[in-house]
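Hello,

Here is the structure I promised to pass on to you. Please have a look at it first, and then read on for what turned up when I went through it.

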Amino acid sequence: MADLVNGERCRAVLFDLDGVLVESFEFWRALINHAAASEGLPAVSWQALRKSWGQDAEADAAEFLPGWSGRRLEEFYKCHLESFADLLVLNPHAAETFIELRSQGISTGLVTNSSKDFAALVLRLSGLAFDTVLTSDDLQRPKPYPEGILQACATVGAPPETAVYIGDSEYDRKAAAQAGVTFIWFGVGPRPALTDLRDLRQHVIEPNFKEGSWK
């Protein structure tokens, strides 16, 4: 079993949802533009949404839908999630990665700024089952605050120094840093460290974790 940067055995791997376990950018762009169209507002551009990627519904409403509250936007999303589900692209390697982690006794958790309804939709489509799931509906202060990650660690009984968090945004990185867990960049972000979930095994399962390799 691999050691983390402080020499502790990895006991939990926590995941972000959007951009890690599911490619959902076009899904969310279609959904928020559906909301904008209902108000006669201009469409949100690819660039504008990418720049704000990872923020919660309250911030999305403030930035893209003048006069809307985060709660109103979340209710709109809830009513229209299924209409755009065909735009979701599930990570094809998530299931085998979960099987590998479970076989090694490593707990798994989901910490996302998306809603409980959206998380439930993705979990239903993917068949994935986590030891703990925390969404924006469960937290008073979602990412970039560390509460979700800390609560997930507590739920699975893993001290933060024995956990890693996999995410694809600055919100994820900041939350992980404040929580004291090792952060792993995923995808094609500013400092990608992992582009294929299958490669996770060599860093948290096989005994060749390099100190500081995820910094």
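The protein has nine helices and seven strands. Please keep in mind that this is a predicted model. Its mean pLDDT is 90, and 90% of the residues reach 70 or more. The stretch to treat with care is 207-215, where the pLDDT is below 50; in the model it has 18 contacts beyond near neighbours in sequence. Where pLDDT is low, the predicted coordinates should not be read in detail.

On the overall fold: buried residues make up 50% of the 215 residues. Of the contacts between residues at least 6 apart in sequence, 64% join residues that are at least 24 apart.

The largest nonpolar core counts 49 residues, and V13, F15, L21, F118 and L200 are the ones that touch the most other members. At least two residues each come from β1, α1 (25-38), α3 (57-64), α4 (70-80), α5, α6 (116-126) and β6 (163-167). With seven residues, α1 gives the most.

Leaving aside residues up to four places away in sequence, V13 touches L101, I106, S107, T108, G109, V164, I166, L200 and V204. Apart from this core there is another, of 17 residues, which includes A12, L134, A175 and A179.

Helix α5 (residues 94-103) shows how one of these elements is packed. Its buried residues are A94, T97, F98 and L101. Viewed down the axis of α5, they fall within an arc of 100 degrees, so they line one face of the helix. After α5 comes G105, which has a positive phi, near 75 degrees.

I also looked at the cysteines. A search of the whole structure finds zero disulfides. C10 counts as buried because its relative accessibility is 0%, and C153 counts as buried at 1%.

Two more places are worth a look. K143 and P144 are joined by a cis peptide bond, with omega about 20 degrees. As a reminder, most residues other than glycine have a negative phi, and most peptide bonds are trans.

Is Q151 buried, exposed or partly exposed? Its relative accessible area is 38%, so Q151 is partly exposed. Not counting residues up to four places away in sequence, Q151 touches L134 and L139; L134 is also among the residues of the 17-residue core. The C-alpha atoms of Q151 and V111 are 9.3 Å from each other, although these residues are 40 residues apart along the chain.

Happy to go through any of this with you.

Best wishes

Technical notes: Residues numbered from 1 in each chain as written. Predicted model: local features only at pLDDT ≥ 70, side-chain atom pairs only at ≥ 80, totals over all residues. Heavy atoms only, no water. pLDDT = per-residue confidence, 0-100. Contact = heavy atoms within 4.5 Å. Buried < 20%, exposed > 50% of the residue type's maximum accessible area, 1.4 Å probe, protein only. Helix = DSSP H or I, 4+ residues; strand = E, 2+ residues; numbered from the N terminus. Arc of directions from axis to C-beta. Core = buried A, V, L, I, M, F, W, Y, C linked by side-chain atoms within 4.5 Å. Disulfide = S-S within 2.5 Å.
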